[in-house]
Amino acid sequence: QVQLVESGGGLVQPGGSLRLSCLASGFSFSWTSMVWYRQAPGKERELVASINSGGTNTNYANSAKGRFTISRDNAKNTVYLQMNNLKPEDTAVYYCKAGTWAAWGQGTQVTVSS
């Protein structure tokens, strides 16, 4: 079955950086678009960034543009989210999702605080 394992979260000061990873299995990763979402306490889950199967097309939420970069390594079945210049409002649990598959991983907590 589809499995998604996110990692790389943690506590970081404002202005800092983190690189999230999502290791995928159970489907044809190299043929599947991937998406990063996040959910802050008391808020709905929101899309952060997406990438097509070949890694040639990316899209970002306005809040992520210019600070976050989504990428993928199809040889490693892994999608990444490089997050720079982090702000307290980026604090959330970050999840990856595979195409139209319904499965979610456990998420990885990102906390931006001084």
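**Exercise 1. The cysteine pair**

Decide whether cysteine 96 is buried or exposed in this predicted model, then find out which residue forms a disulfide with cysteine 96.

*Solution.* Start with the accessibility. Cysteine 96 has a relative accessible area of 0%, and the cut-off for buried is under 20%, so cysteine 96 is buried. Next, look for the partner: the sulfur atoms of cysteine 96 and cysteine 22 are 1.8 Å apart. A pair of cysteine sulfur atoms within 2.5 Å counts as a disulfide, so this pair qualifies. The count for the model comes to one disulfide by this rule.

Now place the two ends. Cysteine 22 belongs to strand β3, while cysteine 96 belongs to strand β9 (residues 92-98). Finally, check the handedness: the torsion about the S-S bond is about 40°, so the disulfide is right-handed.

**Exercise 2. The surroundings of β8**

Work out which strands pair with β8 and how many of the residues of β8 are buried.

*Solution.* Take β3 to begin with. Strand β3 (residues 18-25) pairs with β8 in the antiparallel sense, over six bridges. In this pairing, arginine 19 stands opposite glutamine 82 of β8. Then turn to β7 (residues 68-73), which is antiparallel to β8 over six bridges. Here phenylalanine 68 faces methionine 83 of β8. As for the covering, strand β8 spans residues 78-83, and five of its six residues are buried.

**Exercise 3. Asparagines with positive phi**

Which backbone angle stands out at asparagine 77, and where is asparagine 85 found?

*Solution.* Begin with asparagine 77. Its phi is near 50°, a positive value in a residue other than glycine. Asparagine 77 sits in the loop between β7 and β8, and the hairpin of these strands has four residues between them. At 26% relative accessibility, asparagine 77 is partly exposed.

Move on to asparagine 85. This residue lies in the loop between β8 and β9. Asparagine 85 is not a glycine either, yet its phi is positive, about 50°. Its relative accessibility of 43% makes asparagine 85 partly exposed.

**Exercise 4. The open sheet and its edges**

Find the order of the six strands in the open sheet, and explain why one side of β2 and of β6 is left without a neighbour in the sheet.

*Solution.* Write down the order to start: β2-β10-β9-β4-β5-β6, with mixed pairing. The edges are β2 (10-12) and β6 (58-60), and each has a single partner strand, so one side of each is left without a neighbour in the sheet. From one strand to the next, the twist averages 25°.

Strands of a sheet pair through backbone hydrogen bonds, either parallel or antiparallel. For β2 and strand β10 (residues 108-112), the direction is parallel, with three bridges joining them. Valine 12 is opposite valine 112 of β10.

**Exercise 5. Serine 113**

Where is serine 113 placed, and which residues does serine 113 touch, not counting those up to four places away in sequence?

*Solution.* First, serine 113 lies in the segment after β10. Next, its contacts with that exclusion are Leu11, Val12, Gln13 and Pro14. Serine 113 is partly exposed, with a relative accessible area of 38%. Last, compare chain and space: tryptophan 101 is twelve residues away along the chain, and its C-alpha atom is separated from that of serine 113 by 33 Å.

Note on methods:
Residues are numbered from 1 along each chain as its sequence is written. This is a predicted model: local features need pLDDT of at least 70, side-chain atom pairs count only at pLDDT 80 or more; totals for chains, interfaces and linings use all residues. Side-chain values use heavy atoms; hydrogens and water are left out. Buried means under 20% relative accessible area, exposed over 50%, partly exposed in between (1.4 Å probe, protein chains only). Helices (H or I, at least four residues) and strands (E, at least two) are DSSP runs, numbered from the N terminus. Two strands pair if DSSP finds at least two bridges between them. Axes are lines fitted to C-alpha atoms, for helices over the stretch in contact, and angles run from 0 to 180 degrees between N-to-C directions. Contact means heavy atoms within 4.5 Å.
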